[in-house]
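This report looks at a structure with the sequence beside it. Please keep both in view while reading.

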Amino acid sequence: MNWFHNLSIKRKLILIIFLISSVVLIVACSAFIAQEMSTFRVSLARDKGILADVLAQNSTAAMQFDDVAAAETTLQALRAEPHVVAACLYKGNKGRFASYARENQSVVFPEQPGQDGFHFAMDHLALVRPVILNEKRVGSIYLRVDLEGIREMLRLYLGTVVIVLMGAFVLTLMLSAPLQSLISKPILALSSTAKLISEQKDYSLRAESAGQGDEVGDLTNAFNRMLDEIQRGQNALRKANQSLLIQTGQIIEGVGVLGSSAKQILSFSAQVTTAATETATAVAETTATVGEFRQTVLMSTQKARKIADESMAAAHISQQGKEAAEKAAEGMRHIRLQMDSMAESMTRLSEQGEAIQQIINTVEDLAVQSNLLAVNASIEAAKAGEQGKGFAVVAQEVKNLADQSKQATAHVRTILKDIQKASATAVTVTEQGSQVVETGVRQSGQAGESILALAKNVSEGAQAVTVIASSSQQQLTGIDQVATAMQSIKQAAEQNVVSAKELEISVQNLNELGQKLNELVRHYGEAKEQDS
Amino acid sequence: MNPFTVDRLRSWISVLLVAGWILGVFVTPCKANPIAVSEYSVKAAFLNNFIHFVEWPLSAFPDPGAALTIGVLGDDPFGPLLEQAVKEEKAKGNGVVIRRFKSVDDVTSCHVLFISRSEKERMFLILKRLEEVPILTVSEMEGFADHGGIVNFYIENNRIRFEINKESAYRKGLKISSRLLCLARIVEQKSVKEAR
């Protein structure tokens, strides 16, 4: 059956139609022929039975009167029946009475007629009928009929069947050619479209629908719908791919921008940290200044109070205050002088430090030279042999000494560096102190002037002093508020520094992230290029 | 084998014995003729057979239950042979009766009448008497059928044959089967006066 599977649908359909029609025709014809043959045999047996009966009837008289010639004459009538081969009359049980055989036929007749009835042999029908006269059996008639009639009919039928089959074959071919195309044509069209699509990979092609409502029409529609889906999916994929490419480019760009921004932010945040630190320091300084200023104000307030309380004695006290102010100014100046001398001694310390440096250098040189000397001496001692042994010990000691002095100079150098550092700090502090002193001098000067002005105006406006005292009190409160605010600012500045450091760390992380991202995107881009 | 055929065989044996006795006692010149032995047995059988091929008018059977009668007029040449021949016929229907007549005047209610050679002298008289009576007249005398008799036996090629006068039968109202006529030699009626 393999060859059948490989046949085209068209040939299969034609073959199936032809097979079915042939089988139906052959079965129908066979059944018809079998029926006809059976009917023919029955009718043959009946017809020849009737013939035998007629002959028997006509032979009764001849048989009764023993007239063989007459009986044979009667039997001669069978000449008209070409299929009757032989006939024989038997009288009672006395054997053959009269017989007939067709020309050119030698027939062996049975001695006894045998049982009534008929039976079909291979090539003939044998028939035995009774000869009856007045309801009494007087003998038997035997008839032998050839089956040429049946054979002739069979030949005729077979010929007809062959002709009908050939006609049906031609008609089937003629009819099946256009009929099979009803089924095979749309399937073939679908198959060729599918082949074309798979060869060209062109999913915009469509199978032609013949507008059929059967399964093939459904198949074609489903096939086209499937192609629609494939095409749509392909387009979407292409678009997504393109937008992905664009997005990837944008991401790479963005990551680059991010990296540079992160670097900028990093440097900026470092600056911020520095600035915050600086601000914190400045704020601390300002706070201290405010504290000092407050102290001054407090004092002035107390003084103003004292002035207010002792308004009457203010003149004296103002005089004393003037003196005190002058003394203060003088003290200030004295402090300034002391500061200056301190600065000078600092400078000197610094200069001495340099001198010590030079001394250390010298000592170092000495140490190096003594070391060299010690080495030479030890070589010489070695040359001197046993006598130089004691000298070698001395040389070794000298070398040790040189090493120790070298170590000591290094130690001194370190100490000196510490001293220089400390003196530098002291200088700075001293400068600041001198500034404060400057401010103190200025304030004491102003105070002195104020005291003088007050002393002049004490008698004129004690009330003004009271106002001054209260306003001074208010000023104190304000300074307190300023001090509190400064404290807050200081805390904020410190927090600022902490935050700036945290920011720096965060930015550092951000920068690392940006680099990682950049690397990642570069890998992705490379992968993408390899793909396409 | 049915009992009738056994009986028939026995009758044939007895006929042969009788024939042998006759041959032995009377040395006859027709010794070579085998027919002579069984001539009357055949004729007896023929007489019996005729009744199957002849139809009588209803007037011949005034009584529906009456038996068919075969009569022998004059000297009886059959002996017991006729009785033996009709033995089987007796068994069915109304049966067959054998009657023997001395004179034609005695002949009443008879259907088949065999006229013996002994009545040769009175043949015309008898035929005249029975002219209108529905009786199948049978004889073995030359000219019998020609002169108004219906069936007449004769010998041809050592075979017993018979001739039939259709016209005479028709006149008497008897219908003879064509099958019987086929076997017979048909003869024409000759004028009775001419024969005289």
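## Strands, cores and contacts

In chain B, strand β2 (residues 68–73) and strand β3 (residues 96–101) pair in the parallel sense over six bridges, where strands are DSSP runs of E with at least two residues, numbered from the N terminus, and two strands pair if DSSP finds at least two bridges between them. The table lists the parallel pairings of β2(B), each with a facing pair of residues.

| Strands | Bridges | Facing residues |
|---|---|---|
| β2(B) and β3(B) | six | B:Leu73 and B:Phe101 |
| β2(B) and β4(B) (residues 112–115) | four | B:Val72 and B:Phe114 |

This is a predicted model, in which local features need pLDDT of at least 70 and side-chain atom pairs count only at pLDDT 80 or more, while totals for chains, interfaces and linings use all residues. Residues are numbered from 1 along each chain as its sequence is written, and chains are lettered from A and ligands numbered from 1 in the order in which they are written.

The largest nonpolar core has 76 residues, and those with the most contacts inside it include A:Leu89 and B:Leu113. Such a core is a set of buried Ala, Val, Leu, Ile, Met, Phe, Trp, Tyr and Cys residues joined through C-beta atoms within 7 Å, and a residue is buried if 20 or more other C-beta atoms, placed from the backbone, lie within 10 Å of its own. Helix α2 (residues 9–64) of chain A gives the most to this core, with eight residues; helices are DSSP runs of H or I with at least four residues.

Between the chains, twelve residues of chain A are in contact with ten residues of chain B, contact being C-beta atoms, placed from the backbone, within 7 Å. To the side of chain A that touches chain B, α2(A) gives the most, with five residues.

How values were computed. A residue is buried if 20 or more other C-beta atoms lie within 10 Å of its own, exposed if 12 or fewer, and partly exposed in between; C-beta atoms are placed from the backbone. Two residues are in contact if their C-beta atoms, placed from the backbone, lie within 7 Å.
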